[in-house]
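Please look at the sequence and the structure before reading on.

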Amino acid sequence: QVQLVESGGGLVQPGGSLRLSCAASGNIFKIYNMGWYRQAPGKQRDLVALITSGGSTNYADSVKGRFTISRDNAKNTVYLQMNSLKPEDTAVYYCNADLQRVAVRADYWGQGTQVTVSS
């Protein structure tokens, strides 16, 4: 069984910072892409940032220059450093991992962590 466990969400004022973490555990052979998505109430789940196993990154235009994605392959963990937060960043943030188990390659999701940006 594979689990993705997120942490680091919370309430922050506009202009503030938060750091999200997501650790993958279980019977994992290899992790390919890892990413962060977010879903605001009444909206679809959208990609925020993606990082490949080699460290290449991709960001949504709305977060470029403010958010930084990174990963620690030894710990099977992905991070999202969020700076200069805005009220429109408020959403549930989900971790995603494209990973290989012994016989199956599939996408896995975390349970989500709430980020609220408000004064």
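The model is predicted.

**The four-stranded sheet**

Four strands form an open sheet in the order E1-E3-E8-E7, and their pairing is antiparallel. Strand E1 (2-7) and strand E7 (67-72) are at the edges; each has a single partner strand, so one side of each has no neighbour in the sheet. On average, neighbouring strands of this sheet are turned by 15 degrees against each other, with direction ignored.

The pairs can be followed across the sheet. E1 is joined to strand E3 (residues 18-26) by 6 bridges, and Leu4 stands opposite Ala24 in E3. E3 in turn pairs with E8 over 6 bridges, again in the antiparallel sense. Within that pair, Cys22 has Val78 in E8 as its bridge partner. E7 and E8 are also antiparallel and are joined by 6 bridges. Here the bridge partner of Arg71 in E8 is Val78.

How many residues of strand E8 (residues 77-82) are buried? The count is 5 of its 6 residues, so the strand is mostly covered, where buried means under 20% relative accessible area. E7 and E8 form a hairpin with 4 residues between the strands, and Asn76 in this hairpin takes a positive phi near 50 degrees.

Strand E4 covers residues 30-39. E4 runs antiparallel to E9, and 8 bridges join the two. E4 and E5 form a hairpin with 6 residues between them, and Gly42 in the turn has a positive phi of about 80 degrees.

| Strand pair | Bridges | Sense |
|---|---|---|
| E1 and E3 | 6 bridges | antiparallel |
| E3 and E8 | 6 bridges | antiparallel |
| E7 and E8 | 6 bridges | antiparallel |
| E4 and E9 | 8 bridges | antiparallel |

**The disulfide**

A disulfide is a covalent bond between the sulfur atoms of two cysteines. A search of the whole structure finds 1 disulfide. Which cysteines form the disulfide? They are Cys22 and Cys95, with sulfur atoms 2.1 Å apart. Cys22 lies in strand E3 and Cys95 in strand E9, so the pair ties together parts that are 73 residues apart in sequence. The torsion about the S-S bond is about -80 degrees, so the disulfide is left-handed. Cys22 is buried, with a relative accessible area of 0%, and Cys95 is buried with a value of 0%.

In soluble globular proteins, nonpolar side chains tend to be buried together. The largest nonpolar core in this model has 31 residues, of which Trp36, Leu80, Met82 and Tyr93 touch the most other members. At least two residues of this core come from each of E1, E3, E4, strand E5 (46-51), E7, E8, strand E9 (91-100) and strand E11 (113-117). The largest share, 5 residues, is supplied by E9.

Not counting residues up to four places away in sequence, Met82 touches Gly16, Ser17, Leu18, Leu20, Arg66, Phe67, Tyr93 and Val115.

Is Arg38 buried or exposed? Arg38, in strand E4, has a relative accessibility of 14% and therefore counts as buried, because the cut-off for buried is under 20%. The side chains of Arg38 and Asp89 are joined by a polar contact of 2.9 Å. Leaving aside neighbours within four places in sequence, Arg38 has contacts that include Gln44, Asp46, Phe67, Glu88, Val92 and Tyr93.

Val92 lies in strand E9. Val92 is partly exposed, with a relative accessible area of 21%. Not counting residues up to four places away in sequence, Val92 touches Tyr37, Arg38, Gln39, Gly112, Thr113 and Gln114. The C-alpha atoms of Val92 and Gln111 are separated by 9.4 Å, and these residues are 19 residues apart along the chain.

Conventions
Residues are numbered from 1 along each chain as its sequence is written. This is a predicted model: local features need pLDDT of at least 70, side-chain atom pairs count only at pLDDT 80 or more; totals for chains, interfaces and linings use all residues. Side-chain values use heavy atoms; hydrogens and water are left out. Two strands pair if DSSP finds at least two bridges between them. Axes are lines fitted to C-alpha atoms, for helices over the stretch in contact, and angles run from 0 to 180 degrees between N-to-C directions. Buried means under 20% relative accessible area, exposed over 50%, partly exposed in between (1.4 Å probe, protein chains only). A polar contact is a pair of N or O atoms within 3.5 Å; within protein, one must be able to donate a hydrogen and the other to accept it, and residues adjacent in sequence count only if both atoms are side-chain atoms. Contact means heavy atoms within 4.5 Å. A nonpolar core is a set of buried Ala, Val, Leu, Ile, Met, Phe, Trp, Tyr and Cys residues joined through side-chain atoms within 4.5 Å. A disulfide is a pair of cysteine sulfur atoms within 2.5 Å.
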